[in-house]
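Here are my comments on the model, point by point. Please keep the coordinates open while reading.

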Amino acid sequence: MSHKIIEVNNLSYKYQSESEVQALNDVSFSIEKGEWIAIIGHNGSGKSTLAKVLNGLIMPNAGTVKVDGALLTEENIWDVRQSIGMVFQNPDNQFVGSTVEEDVAFGLENAGVPREEMLVRVTESIKKVNMADFMTKEPARLSGGQKQRVAIAGVVALQPDVMILDEATSMLDPNGRKEVMNTVKEIKDAANLTVISITHDIDEAANANRIFVMKGGKLVKVGTPEEIFAYGPELIEMGLDVPFAEKLKYALKEKGIAVPASYLTEEGMVDWLWTSLLKK
Amino acid sequence: MDKLILGRYIPGDSIVHQLDPRVKLLGSIYFIFLLFFANNWQSYLFLAVFILVAIKLSKISLGFFLRGLKPLLWLIIFTVSLQLLFSRGGEIYFSFGPIAISQFGLINAALIFCRFVFIIFMSTLLTLTTIPLELTDAIEFILSPFKYVKLPVHEIALMISIALRFVPTLMDETTKIMNAQRARGVEFGEGNLFQQMKSIIPLLIPLFVSSFNRAEELATAMEARGYRGGEGRTKYRVLNWEVTDTMAVIVFAFVTVGVILLRG
C-alpha cells in the first residue's frame with residue numbers, strides 16, 4: 001500500500017492569465033495506490049479544476065503532477081489518460097455512443113484495442129456494472145443512474161489505475177446515487193483501484209479513506225473522515241455539511257447534553273445513545 | 001415533440017433491420033432516383049408494391065410511417081394543389097379564370113403526391129430500421145474514397161453520429177424549456193407572426209446556450225476518454241456483407257428492370 005500513484009506538488013492554476021482568482025493555489029498532496037479519496041468543498045473551491053489537472057485536460061500554470069512516478073507533460077498526456085478514468089457529472093453529456101455497448105467501447109476504440117479483445121472487455125465491464133440486460137439500449141431509454149453506470153463501465157473497460165468521479169452522482173436521485181456508489185465500491189475492491197471522488201454528498205465522503213477539504217483553490221484540510229468531521233462547526237461555516245450523526249450531536253449539545261467530542265458514525269452514535277441511556 | 005419520426009430508430013430483428021446499412025442507404029437513394037425515372041401509374045404501382053413489401057418485412061406498423069408524413073403534410077398539400085389547379089392539358093373538367101382542373105393536372109398531382117409519400121416512406125424506413133451510428137458508418141464508407149481529396153471523412157462521420165445521438169436529448173430539452181417558459185407566461189404559437197417569432201426567442205436562446213455547454217462537456221468527456229481524432233482508432237462496429245445484402249442488391253436490380261419495362 002505504500003505505492004504512491006499520484007503526487008502533486010505546488011500546483012497552481014488560473015483560468016485567465018490576467019484574472020485575480022486562483023482556481024488552484026499551491027496545492028500539494030500524494031495519494032497511495034488503492035486509496036479512496038473524497039474531495040469536498042464549496043462550489044468554486046477548485047475541486048473540478050483539480051480533477052482536470054490530474055487528467056491533463058488542463059495544464060497547470062505552476063507545479064507538477066506525477067502519475068505512477070511519471071511526470072505529466074504535454075507529450076505523455078495520452079498515456080496518462082489511459083491510466084486515469086474519469087466520470088463526469090452530467091450523465092447525458094458524456095454519453096458518446098448511440099447505444100450502451102458502443103459507448104463503453106468508445107474509449108477502447110480510441111486506444112486502438114483490437115476488435116476481438118474489445119468485444120470481450122466491453123461485455124465484461126458491462127456485466128460488472130450490472131447493465132448486461134441493456135447492452136443494445138440507447139441513452140434515451142436509460143435512467144440517469146443507469147447512464148452513469150455505463151460511464152463507469154466505459155472507464156472500467158480501459159482498466160485504469162485511478163478512477164476520478166467528478167460529482168458523478170450529483171444529478172442522481174438517492175437510489176441512483178446509492179446504486180452508482182455501490183458499483184464503484186465493488187469495482188474498486190475487485191481491481192484495487194484508486195478512487196478520487198469529488199462530491200457534495202457528505203455520506204459518500206464519510207466512506208472514504210481520506211477526505212481533502214478545498215477552499216478558495218487551496219487544500220485546507222486533509223484527514224480521515226473522523227478527523228475531518230471532528231471539525232464540525234468549522235466545516236459548516238465553510239458552507240459544507242456534516243453527516244447526520246454529527247448534526248444530531250450538535251443538536252443534543254445545544255440541549256445541554258454532554259456528547260463525546262470525537263466523530264461518531266451512525267452506528268457509533270446509536271451505540272453511544274443506548275449505552276448512555278442505560279447508564280442513567 | 002414525438003411527432004418527428006424521422007431520425008428515430010425502432011429496435012427490431014427483422015430482415016430489413018439486419019441488412020447492411022450501406023445497402024439500405026444507397027438503396028434508399030437509388031429508390032428516389034427510380035421514383036423520378038418512373039413516369040406512369042403502372043410503374044408507380046410497381047414501386048408502391050415494392051415499398052409496402054419492404055415495410056411489411058421491417059415488421060414496423062404502417063402507423064409510424066403515416067405519422068412520419070404529418071410534419072410535411074402542408075408542403076404536400078401545397079405542391080399537389082398547385083399542380084392540380086394550375087396545369088392545363090388533356091381534357092379540361094373545370095375552369096375558372098387561371099384555375100383549371102384538367103386531366104393532366106390530375107395525373108401530375110397524383111404522381112407528385114405518390115412521389116412525396118414514397119420518398120418519406122423510404123427515408124422513414126431507412127432511419128427506423130438503422131441505428132444512427134450504423135448509418136454514420138455507411139456514410140463514412142461511401143465517403144471514404146474522398147479521403148484522397150483531403151475530405152475529413154472521419155470528422156464528418158463523427159459529427160453526424162453525435163448530431164443524431166443528441167436529437168432525442170435536445171428534443172426532450174426543447175419540450176422542457178418550452179414548458180418552463182410557458183409556466184412563466186410565454187405563449188407559443190399565439191398572436192400574429194411577429195409575436196409568434198418573438199415568443200421563440202426565450203426558447204431558442206436557452207437552447208443555444210445549453211447546446212454550447214453540452215458540446216463543451218462532451219468534448220471534455222471525449223478527450224478524457226482518450227479521443228484524439230480518427231488516426232489509430234479501431235472500430236467496435238464492423239460492417240459485414242452477408243447473403244441477404246447480396247439478395248437485396250438483386251431485388252433492386254429486378255425493381256430497376258421492372259420500372260424500365262413499365263414506364264411509358
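1. Start with one ion pair. The side chains of A:Glu179 and A:Arg149 form a salt bridge, at 2.3 Å from N to O. The two residues sit 30 apart in the chain, A:Glu179 in helix H6 (residues 174-191) and A:Arg149 in helix H5 (residues 144-157) of chain A. A:Arg149 counts as buried, because its relative accessibility is 9%. A:Glu179 is partly exposed at 36%. Bear in mind that this is a predicted model.

2. How many salt bridges are found over all chains? The search of the whole structure gives 18. Another of them joins the side chains of A:Lys249 and A:Glu246, at 3.2 Å from N to O. Both residues belong to helix H10 (residues 244-254) of chain A and lie three residues apart, about one turn of the helix. A:Lys249 is buried, with a relative accessible area of 4%. A:Glu246 is buried too, at 1% relative accessibility.

3. Now chain B. The side chains of B:Lys235 and B:Glu140 meet in a salt bridge of 3.4 Å, N to O. B:Lys235 is in the loop between H9 and helix H10 (243-262) of chain B, and B:Glu140 is in helix H7 (residues 132-143), so the pair ties together parts 95 residues apart in sequence. B:Lys235 is partly exposed at 36%, whereas B:Glu140 is buried at 16%. Both residues also belong to a salt-bridge network with A:Glu102, B:Asp137 and B:Arg237.

4. Which residues form the negative surface patch? They are A:Asp203, A:Glu266, A:Glu267 and A:Asp271. Helix H11 (residues 266-279) of chain A gives the most, with three residues. A:Asp271 lies in helix H11 of chain A and is partly exposed at 41% relative accessibility.

5. Chain B has a nonpolar surface patch of about 680 Å². Its members are B:Ile200, B:Ile201, B:Leu204, B:Ile205, B:Phe208, B:Val209 and B:Phe212. B:Leu204 is placed in helix H9 (residues 193-224) of chain B. Its relative accessibility is 42%, so B:Leu204 counts as partly exposed.

6. On the sheets of chain A: one is open, with four strands in the order E2-E1-E4-E5 and antiparallel pairing. Strand E2 (24-32) and strand E5 (70-71) are at the edges with a single partner strand each, so one side of each has no neighbour in the sheet. Strands E1 (residues 4-13) and E4 (residues 62-67) of chain A pair over five bridges. There, A:Val8 stands opposite A:Val65.

7. Strand E9 (residues 210-215) of chain A pairs in the parallel sense with strand E3 (residues 36-41), over five bridges. A:Ile40 has A:Val213 as its bridge partner. E9(A) also pairs with strand E10 (residues 218-223) of chain A, in the antiparallel sense and over five bridges. A:Met214 faces A:Leu219 there. The hairpin of E9(A) and E10(A) has two residues between the strands, and A:Gly216 takes a positive phi near 55 degrees.

8. Helix H1 (residues 47-54) of chain A is mostly covered, with six of its eight residues buried. Among them are A:Lys47 and A:Leu50. A:Gly56 follows H1(A), with a positive phi near 75 degrees.

9. Last, chain B as a whole. It has ten helices and two strands. Of its 264 residues, 39% are buried. Its C-alpha atoms fill a box of roughly 70 × 55 × 40 Å along the principal axes.

Notes: Residues are numbered from 1 along each chain as its sequence is written. Chains are lettered from A and ligands numbered from 1 in the order in which they are written. This is a predicted model: local features need pLDDT of at least 70, side-chain atom pairs count only at pLDDT 80 or more; totals for chains, interfaces and linings use all residues. Side-chain values use heavy atoms; hydrogens and water are left out. Patches are made of residues with over 30% relative accessible area and no salt bridge: like charges are joined within 9 Å, nonpolar side chains (Val, Leu, Ile, Met, Phe, Trp, Tyr) within 5 Å. Accessible areas come from the Shrake-Rupley method with a 1.4 Å probe; for residues, only the protein chains shown count as cover. A salt bridge is a side-chain nitrogen of Lys or Arg within 4 Å of a carboxyl oxygen of Asp or Glu. Lys and Arg count as positive and Asp and Glu as negative; His and the chain ends are not counted. The place of a charge is taken as NZ of Lys, CZ of Arg, CG of Asp or CD of Glu. Buried means under 20% relative accessible area, exposed over 50%, partly exposed in between (1.4 Å probe, protein chains only). Two strands pair if DSSP finds at least two bridges between them.
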